[in-house]
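Subject: Structure for you to look at, with notes on its disulfides

Dear colleague,

Please read the notes with the structure open beside them.

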Amino acid sequence: MSLPENQNRKMRRNRLTRRGLALAGAGAVLATLASATPAAAATGGGCTSIQSSTGWLCVGWDAQTTKYLNTISGNFDSPLWGVGNPRIEVRVLDAQNKEMFKRERSWGGNRRSEWAEFEVTVLMPRDASRVCAALFEGGGYMDMACSPVYT
């Protein structure tokens, strides 16, 4: 084999190696991005009527397992009267109705519709049985919507 042929072969091998490294690096980045975004194994939710059936209070969740919930949410719609100084509490409860996780959000003024979604940042100590959203108006309890957790 002549010297130019040997150099050409080495250059082709280096190009292939660089391409292979670039492709492997891109694949690793995609795999990392895909694994960092949790996919929901199950989702659920439910609603209840409020204010003489003129509005709705709803709860929602998505989870990997009954011990690992991704997000929980609560929202209300009251198109006729609105809710004065509303506050939504969203809770994760076990089978004995013990609270395992809770987040809340409040707003000032008279609101006709609001949405609150929370990322669940802990692994539950026990299986979650249900997720509930409670709505308060000016500090007074209005109603609660619940949804069972299953995966």
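What follows is an account of the disulfides. Please keep in mind throughout that this is a predicted model, and that the values below are computed from it.

With a disulfide taken as a pair of cysteine sulfur atoms within 2.5 Å, the count comes to 2 disulfides. When the bonded cysteines are counted along the chain, the disulfides follow the pattern 1-2, 3-4.

Because Cys47 belongs to strand S1 (residues 42-50) and Cys58 to strand S2 (residues 55-63), the pair ties together parts that are 11 residues apart in sequence. The torsion about the S-S bond of Cys47 and Cys58 is about 110°, and the disulfide is therefore right-handed. As for accessibility, Cys47 is partly exposed, with a relative accessible area of 48%, whereas Cys58, at 12% relative accessibility, counts as buried.

The other bond runs from Cys132 to Cys146, with an S to S distance of 2.0 Å. Here Cys132 sits in strand S9 (residues 130-137) and Cys146 in strand S10 (residues 140-148), and the pair links distant parts of the chain, 14 residues apart. For Cys132 and Cys146 the torsion about the S-S bond is about 110°, so this disulfide is right-handed. Cys132 is buried, its relative accessible area being 3%, while Cys146 is partly exposed, with a relative accessible area of 29%.

Notes: Residues are numbered from 1 along each chain as its sequence is written. This is a predicted model: local features need pLDDT of at least 70, side-chain atom pairs count only at pLDDT 80 or more; totals for chains, interfaces and linings use all residues. Side-chain values use heavy atoms; hydrogens and water are left out. Helices (H or I, at least four residues) and strands (E, at least two) are DSSP runs, numbered from the N terminus. Buried means under 20% relative accessible area, exposed over 50%, partly exposed in between (1.4 Å probe, protein chains only).
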